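Keep the viewer open as you read.

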Amino acid sequence: MTQGQASGRGEVSIRDLSKSFSLNGRALNVLRGLDLHVESGQCLAIVGASGSGKTTLLRILAGLEAADSGDVLVDGAPIHGVGSERAVIFQEPRLLPWLTVIRNVAFPLEVRGVSATEAADRARHYLRLVGLLDFSEAYPAQLSGGMAQRVGIARALAVQPELLLLDEPLGALDAMTKMTMQEELTRIWSEEHVTMVLVTHDLEEAVYLADRVLVLPKHKGGVIRTIDVDLPRPRDRSEPRFVALRQSLLAEFGLH
Ligand SMILES: Nc1ncnc2c1ncn2[C@@H]1O[C@H](COP(=O)(O)OP(=O)(O)O)[C@@H](O)[C@H]1O
Ligand SMILES: [Mg+2]
């Protein structure tokens with residue numbers, strides 16, 4: 001059984017991407033002329049005001065939504081719908097309540113044709129990675145919000161994606177659990193060498209986790225910016241350079 005990912009996978013290239021929706025017969029331009037490159041194994045955070053198109057961009061990468069124009073390539077190949085090389089984690093883990101924790105993680109593998117024994121083995125590996133091996137036989141209703149989300153992360157990783165797409169995965173958690181989970185995510189990301197694209201409205205989370213932050217403009221037609229977070233890990237939230245980066249991100253939104 002191979003664990004983790006070989007390097008050189010999960011690279012994202014987006015060129016001149018545009019997407020609009022039709023709203024009451026009028027076109028609503030959500031994304032326009034977006035260029036983006038995410039290196040294999042990098043973590044990119046996407047931040048922006050509510051309605052700026054963060055989820056839309058993530059859904060396009062997931063293959064759940066089609067772009068109007070432009071190229072969206074993963075490892076050099078255009079995306080066609082959903083694929084097992086890309087896994088998505090939403091704010092709610094959406095576990096199946098009638099299955100135990102381990103069965104929740106193993107189930108998507110079995111659906112893909114992995115034998116029950118191998119699926120259970122792999123599920124155990126990823127439950128250990130997220131620190132929940134002792135809860136293998138528990139049911140979702142017996143877990144806290146943070147634990148349920150960790151099961152969701154184990155389930156997504158178990159299919160061994162090249163690209164992990166996360167849409168505000170910690171948004172529903174309390175502040176303390178959230179900080180612990182940010183540390184966990186950093187550790188998991190570095191152990192798995194998986195490319196991550198993370199949507200968040202939490203600017204500190206973006207600075208804590210990402211190599212680069214994509215800032216979607218507040219107003220349509222505004223400039224799309226990227227900010228490099230060139231800080232060593234594990235990151236220290238009180239370190240002056242960390243604080244300065246968080247401040248400069250806040251300033252992008254006119255906040256102080
Ligand atoms: N399926 C859809 N049909 C029509 N409008 C949509 C659809 N999905 C998103 N939108 C609109 O696109 C804009 C961006 O939405 P979204 O990507 O969800 O923003 P964010 O995640 O940044 O809050 C919003 O104005 C939203 O109303
Ligand atoms: Mg959203």
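Predicted model: local features only at pLDDT ≥ 70, side-chain atom pairs only at ≥ 80, totals over all residues.

## Ground rules and overall fold

Helices (H or I, at least four residues) and strands (E, at least two) are DSSP runs here, numbered from the N terminus.

The protein chain has seven helices and 10 strands. Its radius of gyration is 18 Å, close to the 18 Å that the globule rule gives for 256 residues, so the chain is as compact as a globular protein of that length. Along the principal axes, the C-alpha atoms fill a box of roughly 50 × 45 × 40 Å. Of the 256 residues, 37% count as buried. Looking at contacts with a separation of 6 or more, 69% come from residues 24 or more positions apart.

## Around the ligand

Which residues sit around ligand 1? The list runs Phe21, Leu23, Leu28, Val30, Gly48, Ser50, Gly51, Ser52, Gly53, Lys54, Thr55 and Thr56. Strand S1 (12-23), strand S2 (26-38) and helix H1 (54-62) are the elements that give two or more residues to this shell, and H1 gives the most, with three. Sorted by class, the shell has four nonpolar, seven polar and one charged residues.

Seven of its nine residues are buried, so the helix is largely enclosed by the rest of the structure. The buried ones are Lys54, Thr56, Leu57, Leu58, Ile60, Leu61 and Ala62. Just after H1 comes glycine 63, with a positive phi of about 85°.

## The open sheet

S1 and S2 also belong to an open sheet of four strands, with the order S2-S1-S4-S5 and antiparallel pairing. S2 and S5 stand at the edges with a single partner strand each, so one side of each is left without a neighbour in the sheet.

Inside the sheet, S1 and strand S4 (residues 69-74) run antiparallel and are joined by five bridges.

In soluble globular proteins, nonpolar side chains tend to be buried together. Here the largest nonpolar core has 70 residues, and Val105, Ala154, Leu165 and Val197 touch the most other members. Helix H4 (residues 145-158) supplies the largest share of this core, seven residues.

Val105 sits in helix H2 (residues 101-111), where Val101, Ile102, Asn104, Val105, Ala106 and Leu109 are buried. What covers the buried residues of H2 includes helix H3 (116-129) and H4. Leaving aside neighbours within four places in sequence, valine 105 is in contact with Ala123, Tyr126, Leu127, Val151, Ala154, Arg155 and Ala158. H2 is followed by glycine 113, whose phi is positive, near 95°.

Is strand S6 covered on one face or both? Both: Arg86 and Val88 are buried on one side, as are Ala87 and Ile89 on the other. S6 pairs with strand S7 (residues 163-167) in the parallel sense over four bridges, and the bridge partner of alanine 87 in S7 is leucine 164.

Glutamate 85 lies in the loop between strand S5 (77-78) and strand S6 (86-89). With 17 C-beta neighbours inside 10 Å, this glutamate counts as partly exposed. Setting aside neighbours within four places in sequence, glutamate 85 is in contact with Val74, Pro161, Glu162 and Leu163. Glutamate 85 and alanine 49 are 36 residues apart in sequence and 29 Å apart in space, C-alpha to C-alpha.

Two residues have a positive phi although neither is a glycine. Arginine 94, in the loop between S6 and H2, has a phi of about 50° and counts as partly exposed, with 13 C-beta neighbours inside 10 Å. Histidine 193 also has a phi of about 50°, and its 16 C-beta neighbours inside 10 Å make it partly exposed.

There's a cis peptide bond to check too: the one from arginine 233 to proline 234, with omega near -5°. Proline 234 is found in the loop between strand S10 (225-228) and helix H7 (240-252).

Methods
Residues numbered from 1 in each chain as written. Chains lettered and ligands numbered in written order. Rg over C-alpha atoms; globule rule 2.2 N^0.38 Å. Buried ≥ 20, exposed ≤ 12 C-beta atoms within 10 Å, placed from the backbone. Contact = placed C-beta atoms within 7 Å. Near = placed C-beta within 6 Å. Nonpolar A, V, L, I, M, F, W, Y, C, P; charged D, E, K, R; others polar. Core = buried A, V, L, I, M, F, W, Y, C linked by C-beta atoms within 7 Å. Pairing = 2+ DSSP bridges.
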